[in-house]
Amino acid sequence: MNKTTLIATIFILVMAVFPFTVDSAWLSIGITFLVFATVAFSQDIILGRAGVFNMGHAIFFGIGAYTTAILNVHFGLEIIATIPFAIIFPVIVAVVLAGPIIHLRGDYLLVATIGFNIIFEQVLSNDLFGLTGGPNGIFGIDVVRIFGYELFSDKAIYYMAFGLLLITLLIIRNLDNSRYGRALYYINKDEIAAKSMGINIPYYKLFAFALGAAIAGVAGSIFAIQYSAVSPESFSFMQSVMFFAIVLVGGSASLPGVIIGTFVMFVLPELFTEFKESRYLIFGAAMVLTMVLRPNGVWPATFGNIPKYLKEKALKVKPKGETK
Amino acid sequence: MDIFLQQLINGLTIGSLYALVALGYTMVYGVMKLINFAHGDLVAFSAYVGLTIFTQFFGASAVSFVNVIIIFLLTAIIIAFVGVLLERLAYRPLRTAPRLSAVVSALGAALVIQNGIMLIWGPNMQIFPSDILPSTTWNISGVIMTFTQVCILVLSAVLMIALYFFINKTKIGTAIRATAIDQDAAKLMGINVNRIIMIIFVVGSMLGAIGGLFIGIYYRSLTFDMGWVYGLNAFIAAIIGGIGSIPGAMIGGLLLGLFNALIAGYISTQWAETLTFVLLIIILIVRPTGILGEKTAEKV
């Protein structure tokens, strides 16, 4: 067992027993942490692994949350039944929105995604088709029922979020070991070289967008369940900036980096409510300082995103003439 | 027809303000290839600084022409200083770092300025006094034009023409253009790149400060987060014109101002901002380099 696996195991064990050791206030902080960490990981797939400058990630998070809220409140669907839609809609939107702009150079793509996020915010607060509820959002989302059994306690929601985080980590692990993950890695490293190697760049970038959007969508769904309400400001451009910053401040394509980033951006403010006023000032200064001192993030991935054992395996396999 | 002419005047006024702010974005992008996200907040900061100078030093006394010039100059100098400081602290250490690190640093700096404003002046809206500029209005066959609007149009035109000559006809301007094309080659030709970047920030911040003060005088209400709104609009203007191109920022600003005013006049104010961003995305899809931007080959 190497060091990374050990740290990961300890982290997962601690998170698994966390609800039994704390009171309800801490429990809700724990849920927030899990939900935002999941969204940050999904942003990391797009930004950290594929290297696509996406500053509109709150859109997919928001679509997931609003899908659950609208289908549950306006159409009376069970929460569990809304979750497939909270996966599919963000994916469709991601492909439709990103499709025409995916070929843009970095900075232009960044600006286009900012534009999408601001349009999204406006659409939500202008109450499109009378579904989104305007600036106040949607209230009164039902509790989760599975086979008639109500899962209303914070502990149940915590474990839903925890399960999602574990699934996300599993997906990322599989992604890293797969053909897709390696394609994304080379696109990120050197796009022109990847192109001349015959990698279909728009396809893989869109794939990263779709995967990130799907995960963010489910996280949004859990966010809506936790607060049993949604409103536009949770999915504003500022929120996207936060996700963008988490990945880059923590260290892109690095699991501990994203965890640290989420902790600093979303959990610390909950702990120190007294500096709520100056919280963003401190964050801003910390963002500048981190970048100046460690331009690659606090805890950057040391070996790209291809794990060492995989490389060793590839080296062992090659002489036998097997190609994957 | 009167509505059209009225919206034309309003649009050109807002457009000139956007253009003034857009110049700051475009010059920094042209030389450093960095989106200076903090520029919009610097503009907001200048409005607050101008307001404070006005209320602290000229509050009760009648405002004269000389006083107004002093307010503008003082604000411009302070903001230029902040701009240079910003470059020193947040951008210079990251010149060789990955592109995204500088973007995050810029966002961080924007947060610092924005929330600094909130901590200094409070989270509530501040009102700009109405008696800084004379409230004369002219009614030209149904089209109303205020003294402030004339001031904005004339001064921004003068500033832009001056900037155009500064960039194209002076020695420093030539050095700036050379640095924008290739920093290393410029260095080899004996150009002090650090000094050029400092000049860029001084000029850009001063123009932004004048724009910010006019925004305060024209709209009269200030909020600490207004920098995002004006900054993003100015940034869109820079993209429309072709980011990195100085005449492009001017044309982009005027076009965006006209677009905004006509949308607000004929379609709806509620969706004006949305349509602005739709325009941005269409332009990015159709012609990412903007109207006057040149196609650059990707460096390998």
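Predicted model: local features only at pLDDT ≥ 70, side-chain atom pairs only at ≥ 80, totals over all residues.
R220(B) sits in the loop between α8 (193-219) and β4 (221-222) of chain B. Its phi is positive, about 70°, although R220(B) is not a glycine.

A second residue in chain B has a backbone angle of this kind. K33(B) is not a glycine either, and its phi is near 55°. K33(B) belongs to the loop between α1 and α2 (39-58) of chain B. At a relative accessible area of 40%, K33(B) is partly exposed.

Staying in chain B, let me turn to helix α1. Q6(B) has its place in this helix, which covers residues 2-32. Is Q6(B) buried or exposed? Its relative accessible area is 18%, and buried means under 20%, so Q6(B) counts as buried. Leaving out residues up to four places away in sequence, Q6(B) touches G142(B), V143(B) and I144(B).

L17(B) is also found in helix α1 of chain B. L17(B) is buried, at 2% relative accessible area. Which residues does L17(B) contact, if its neighbours within four places in sequence are left aside? They are I152(B), G211(B), F214(B), I215(B) and Y218(B). L17(B) and L254(B) are 237 residues apart in sequence, while their C-alpha atoms are 8.5 Å apart in space.

Next, the nonpolar core. In soluble globular proteins, nonpolar side chains tend to be buried together. In this model the largest nonpolar core has 201 residues. The residues with the most contacts inside that core come from chain A, namely M55(A), F61(A), F235(A) and F244(A), and from chain B, namely F37(B), Y91(B) and L107(B). Take F235(A) as a case. Residues up to four places away in sequence are again not counted, and F235(A) then touches A58(A), F61(A), G62(A), A65(A), Y66(A), N117(A), F120(A), E121(A), L124(A), F223(A) and V230(A).

Now the interface between the two chains. The size of an interface is often given as the accessible area lost when the parts come together. Here chain B and chain A bury about 3800 Å² between them, and 79% of that is on carbon and sulfur atoms. In chain B, the residues that lose the most area to chain A are L100(B), V104(B) and L111(B), which together make up 15% of what that side buries. In terms of contacts, 46 residues of chain B meet 42 residues of chain A.

What about polar terms across the interface? Between chain B and chain A there are five residue pairs in polar contact, counting pairs with both residues at pLDDT 80 or more. Four elements of chain B give two or more residues to the side that touches chain A: α3 (65-91), α4 (99-121), α9 (226-241) and α11 (272-286). The largest share comes from α4(B), with 15 residues. By class, this side of chain B has 32 nonpolar, nine polar and five charged residues.

How many salt bridges cross the interface of chain B and chain A? The rule finds one. The partners are D107(A) and R99(B), with the closest N and O atoms 2.3 Å apart.

Side chains of opposite charge can pair when their charged atoms come close. Over all chains the count is six salt bridges. One of them joins E191(A) and K205(A), with 3.2 Å between the closest N and O atoms. E191(A) is in helix α8 (residues 191-196) of chain A and K205(A) is in helix α9 (residues 201-227) of that chain, so the pair ties together parts 14 residues apart in sequence. E191(A) is partly exposed, at 37% relative accessible area, whereas K205(A) is buried, at 6%.

In chain B, E87(B) has two partners to mention. Its side chain meets that of R92(B) in a salt bridge, at 3.3 Å from N to O. E87(B) also forms a salt bridge with R95(B), the closest N and O atoms being 2.7 Å apart. Where do these three stand in accessibility? E87(B) is buried, with a relative accessible area of 0%. R92(B) is partly exposed at 21%, and R95(B) is partly exposed at 29%. In chain A, salt bridges that share partners join D44(A), R49(A) and D176(A) into one network.

Conventions: Residues numbered from 1 in each chain as written. Chains lettered and ligands numbered in written order. Heavy atoms only, no water. Core = buried A, V, L, I, M, F, W, Y, C linked by side-chain atoms within 4.5 Å. Buried < 20%, exposed > 50% of the residue type's maximum accessible area, 1.4 Å probe, protein only. Contact = heavy atoms within 4.5 Å. Buried area = accessible area lost by both parts, 1.4 Å probe. Salt bridge = Lys/Arg side-chain N within 4 Å of Asp/Glu carboxyl O. Polar contact = N/O pair within 3.5 Å; in protein donor to acceptor, adjacent residues only side chain to side chain. Nonpolar A, V, L, I, M, F, W, Y, C, P; charged D, E, K, R; others polar.
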